[in-house]
Amino acid sequence: MTKEEVLSWVKKHIYLRIYDDIELKGKIDGNDVYCLVFKRDEAEVPDIGLPSLIIIENGEPKFMTGTKALDILHKLSKED
């Protein structure tokens with residue numbers, strides 16, 4: 001999926017309510033991993049807790065958060 005297709009899916013499923021964009025972070029097991037991100041100029045960013053990711057598995061986006069998302073980000077950081 002292209003970034004635009006993933007962003008459209010995210011907006012359609014209301015995961016972008018407090019976020020401004022998505023950013024490709026890398027690949028895990030051949031699957032694209034996107035982070036939901038803020039691109040606001042305002043000084044105050046809402047406290048959102050654990051990271052939220054979109055994983056593209058077999059061409060289908062899946063929303064992921066919590067410790068599973070932290071594990072994926074940890075794996076990505078080790079690959080750098």
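I started at Asp29, which sits in the loop between strand 1 and strand 2. Helices here are DSSP runs of H or I with at least four residues, strands are runs of E with at least two, and both are numbered from the N terminus. I looked up phi of Asp29: near 50 degrees, a positive value in a residue other than glycine. Asp29 is exposed, at a relative accessible area of 74%. (My cut-offs: buried is under 20% relative accessible area, exposed is over 50%, partly exposed is in between, with a 1.4 Å probe and protein chains only.)

Before going on, a note on the model. It is a predicted one, so I take local features only at pLDDT of at least 70 and side-chain atom pairs only at pLDDT 80 or more, while totals for chains, interfaces and linings use all residues. Residues count from 1 along each chain as its sequence is written, and side-chain values use heavy atoms, with hydrogens and water left out.

Next loop: Asn58, between strand 3 and strand 4. Phi of Asn58 is near 55 degrees, again positive in a residue other than glycine. Asn58 is exposed too, with a relative accessible area of 79%.

Then I stepped back to the fold. I find two helices and four strands, and along the sequence they run α-β-β-β-β-α.

Which residues of helix 1 are buried? In this helix, residues 3-12, they are Val6, Leu7, Trp9 and Val10. Looking down the axis of helix 1, I see its buried residues fall within an arc of 160 degrees, so they line one face of the helix. (The arc is taken over directions from the helix axis to the C-beta atoms.) Glu4, Lys11 and Lys12 are exposed on the other side of helix 1.

What covers the buried residues of helix 1? The cover includes strand 1 (21-28), strand 2 (31-37), strand 3 (52-57) and strand 4 (60-65). Contact here means heavy atoms within 4.5 Å.

Whole-chain numbers, for the record. Of the 80 residues, 35% count as buried. Among contacts between residues at least 6 apart in sequence, 30% join residues at least 24 apart. The chain exposes about 5,500 Å², and carbon and sulfur atoms supply 49% of that; the areas are Shrake-Rupley with a 1.4 Å probe, and for residues only the protein chains shown count as cover.

Last, confidence. Mean pLDDT (the predictor's confidence in each residue, from 0 to 100) is 83 for the chain, and 80% of its residues reach 70 or more. Among the elements, helix 1 has the lowest mean pLDDT (88) and strand 3 the highest (92).
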